[in-house]
Amino acid sequence: MATEQEPMTPPEQPGETPSPSQVTEADEQTAALDEMRDRWRRALADLDNLRKRHAKELERVRAEERARTAGAWLPVLDNLERALAHSDSDPSAVLKGVEAVRDQAVEVLRGLGYPRYEETGVPFDPTRHEVVGVVDTPDAEPNTVAQVVSPGYGADGKQLRPAFVVVSKRQE
């Protein structure tokens, strides 16, 4: 009996052309891969541009801050020059002028966020004080600041310089 068989599709062999549905799928995958590569390159370029923009902005902000800080010190410098111009005047007047300039400099530092501190009789704090000497003081509590050699500047974790102090030692 002769039956009609449906023609069989032979398996693909190397060198044969793929079917149109396979070509379309491969083209879509290649296009998707190309699009992803393009997006990745654009993201890298955007990141590089952002990094350069931030570097320029940081330098601009630093320059502005340096100029602001230098500008805050100009009146102090002007007053020092005025004090020097009157050096042949009465010494007590010159001394008062220099004290006023010092007070002005302390105020500039305070305005920049570094207030001055030089208190005695307070407990020694290693985050705010640096010991330059120890003294036996009978009327002072042990480990307290007995004398401030140089004042400290700063507060609340922003310290420009600790105070250099002499601390009372323990009584034995």
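User: Which residues of α2 are buried?
Analyst: The buried residues of α2 are Val101, Ala105, Val106, Val108 and Leu109. Buried means under 20% relative accessible area, exposed over 50%, and partly exposed in between, with a 1.4 Å probe and protein chains only. This is a predicted model, in which local features need pLDDT of at least 70 and side-chain atom pairs count only at pLDDT 80 or more, while totals for chains, interfaces and linings use all residues. Residues are numbered from 1 along each chain as its sequence is written, and side-chain values use heavy atoms, with hydrogens and water left out.

User: What span should helix α2 have?
Analyst: Helix α2 covers residues 91–111, and at 1.5 Å a residue its 21 residues should span 30 Å. Its end C-alpha atoms are 30 Å apart, which agrees. The expected span is 1.5 Å times one less than the number of residues. Helices (H or I, at least four residues) are DSSP runs, numbered from the N terminus.

User: What comes just after α2?
Analyst: Glycine 113 takes a positive phi of about 100° there.

User: Changing topic, how many salt bridges does the structure hold?
Analyst: The structure holds 13 salt bridges. A salt bridge is a side-chain nitrogen of Lys or Arg within 4 Å of a carboxyl oxygen of Asp or Glu.

User: Which residue does lysine 52 meet in a salt bridge?
Analyst: Its side chain meets that of aspartate 48, at 3.3 Å from N to O. Both residues lie in helix α1 (residues 20–85), four residues apart, about one turn of the helix. Lysine 52 counts as partly exposed at 48% relative accessibility, and aspartate 48 counts as partly exposed at 27%.

User: Which residues are linked in a network of salt bridges?
Analyst: Asp48, Arg51 and Lys52 are linked in this way.

User: And what does glutamate 64 pair with?
Analyst: Glutamate 64 forms a salt bridge with arginine 60, and the closest N and O atoms are 2.4 Å apart. These two residues also lie in helix α1, four residues apart. Glutamate 64 is partly exposed, with a relative accessible area of 45%, and arginine 60 counts as partly exposed at 38%.
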